[in-house]
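The sequence and structure come first.

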Amino acid sequence: MFKKSLLLQIILKYMSNNILLNTIGNTPLIKLQKINPYFNVEIYVKLEFFNPSGSIKDRMVKYIIEDAEAKGLLKKGGTIVENTSGNTGAAIAMLAAIKGYKAILTMPDKVSIEKQSSLKALGAKIVITPTSAPPDSPDHYVNTAIRIASEIPNSFRVNQYDNPKNPEAHYLTTGPEIWEQTKGKVTHFVAAGSTGGTISGVGKYLKEKNKSMKVVMPDPVGSIYYDYFKTGKIEVHGNCTYQVEGVGEDHIAKAMDFSIVDDMYKFTDQDAFSTARLLAIEEGIFGGGTGGANVWGALKLAKTLKEHAVIVTIIPDNGVKYLSKFYNDQWMKDNNYSI
Ligand SMILES: Cc1ncc(COP(=O)(O)O)c(C=O)c1O
């Protein structure tokens, strides 16, 4: 059998690693053709499932890990630990495989089986926690990750909720791409948030480019963000037991900059799932539930606009990750959603 020399193996590894990581970002921006009935408004979706691990989180994870390496916070043989709803975990597992780190990822049990299995396939260890655990419980997925990181020597926690490098990654990449791809014509940006990294980083960049830019955030019923934005208080504790995965929160993330947001809408699981399924059937765009929520928000916003406008929103991840959930008719029926 052909045996590669050690030097050739090293060169090939170096080259292919760079090629894979270099495919992060520069994702397509597509205009909705059929499901937007508002002729004065153009709606564009940025297809973040084109990133190599299948979601927008590749951008932020690559940026944070390479920054940690440069600062000596993540060393050879180290372990990357993080709490995730699956997409950040897939990005971490991919980077850990490429760069030779170990990865331990904590996830609430509502995360789809496809996402859990992908992380294992990429060689990560996963720890499942109860979705119902409140933010102050030691069993909450964030607290579990903090504990694990404190117990393992030579570990690094990405800390996506509170790390300013998270919105910075979007300020430096996603925001400029949207500005360039619309040739500066974008007038509104819509994105639901969890860590808030996407909306805060993109919104900041676009507002610096155009002072009249408007930023709107859809938020799931059960999340605390909507009430916090409207009243400045956390009156009702969110429980995050809604089924849409990856947006809304039960605590305020430091990466989330509410001063960037002009308005928020509340959406239901049904809004998100029905719109995601419509996107797939009518536009051929096979995205996750948060992509559905974002497009639902963009359509709700479009309805209020009288002048010509250009709305950009995000499809954060791939529908394949939810085949056992809202793309499954039986699951929809079992969970009392209409199809
Ligand atoms: C599917 C999905 N959509 C949207 C988001 C929200 O992105 P951000 O954390 O940048 O607010 C996430 C975050 O985990 C996600 O997994």
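## The ligand shell

Of the 16 residues around the ligand, which come nearest? They are Gly193, Thr195, Gly246, Thr290 and Pro316, where a residue counts as near a molecule if its C-beta atom, placed from the backbone, lies within 6 Å of it. The model is predicted, with local features needing pLDDT of at least 70 and side-chain atom pairs counting only at pLDDT 80 or more, while totals for chains, interfaces and linings use all residues. Residues are numbered from 1 along each chain as its sequence is written.

By class, the shell around the ligand divides into two nonpolar, 12 polar and two charged residues; here Ala, Val, Leu, Ile, Met, Phe, Trp, Tyr, Cys and Pro count as nonpolar, Asp, Glu, Lys and Arg as charged, and the others, Gly among them, as polar. Helices α3 and α8 (197–209) each supply at least two residues of this shell, helices being DSSP runs of H or I with at least four residues and strands runs of E with at least two, numbered from the N terminus.

## Two domains

The domain assignment of the protein chain, whose bounds come from an automatic or database assignment, gives domain 1 (26–52 + 165–334) and domain 2 (57–157). Their centres, taken over C-alpha atoms, are separated by 24 Å. The contact takes 26 residues from domain 1 and 20 residues from domain 2, two residues being in contact if their C-beta atoms, placed from the backbone, lie within 7 Å. On the side of domain 1 that touches domain 2, the largest share, four residues, comes from helix α6 (residues 165–172).

Because both domains give residues to the shell around the ligand, the ligand shell lies between them.

## Helix α3

Since 10 of the 13 residues of α3 are buried, the helix is largely enclosed by the rest of the structure; buried means 20 or more other C-beta atoms within 10 Å of a residue's own, exposed 12 or fewer, and partly exposed in between, with C-beta atoms placed from the backbone. What covers these buried residues includes α2 (57–70), β3 (79–83), β4 (102–108) and α4 (113–121). Just after α3, Gly100 takes a positive phi of about 80°.

## Tyr337

Tyr337 is found in the segment after α12 (329–334), and with 17 C-beta neighbours inside 10 Å it counts as partly exposed. Not counting residues up to four places away in sequence, Tyr337 touches Asp269, Gln270, Phe273 and Met332.
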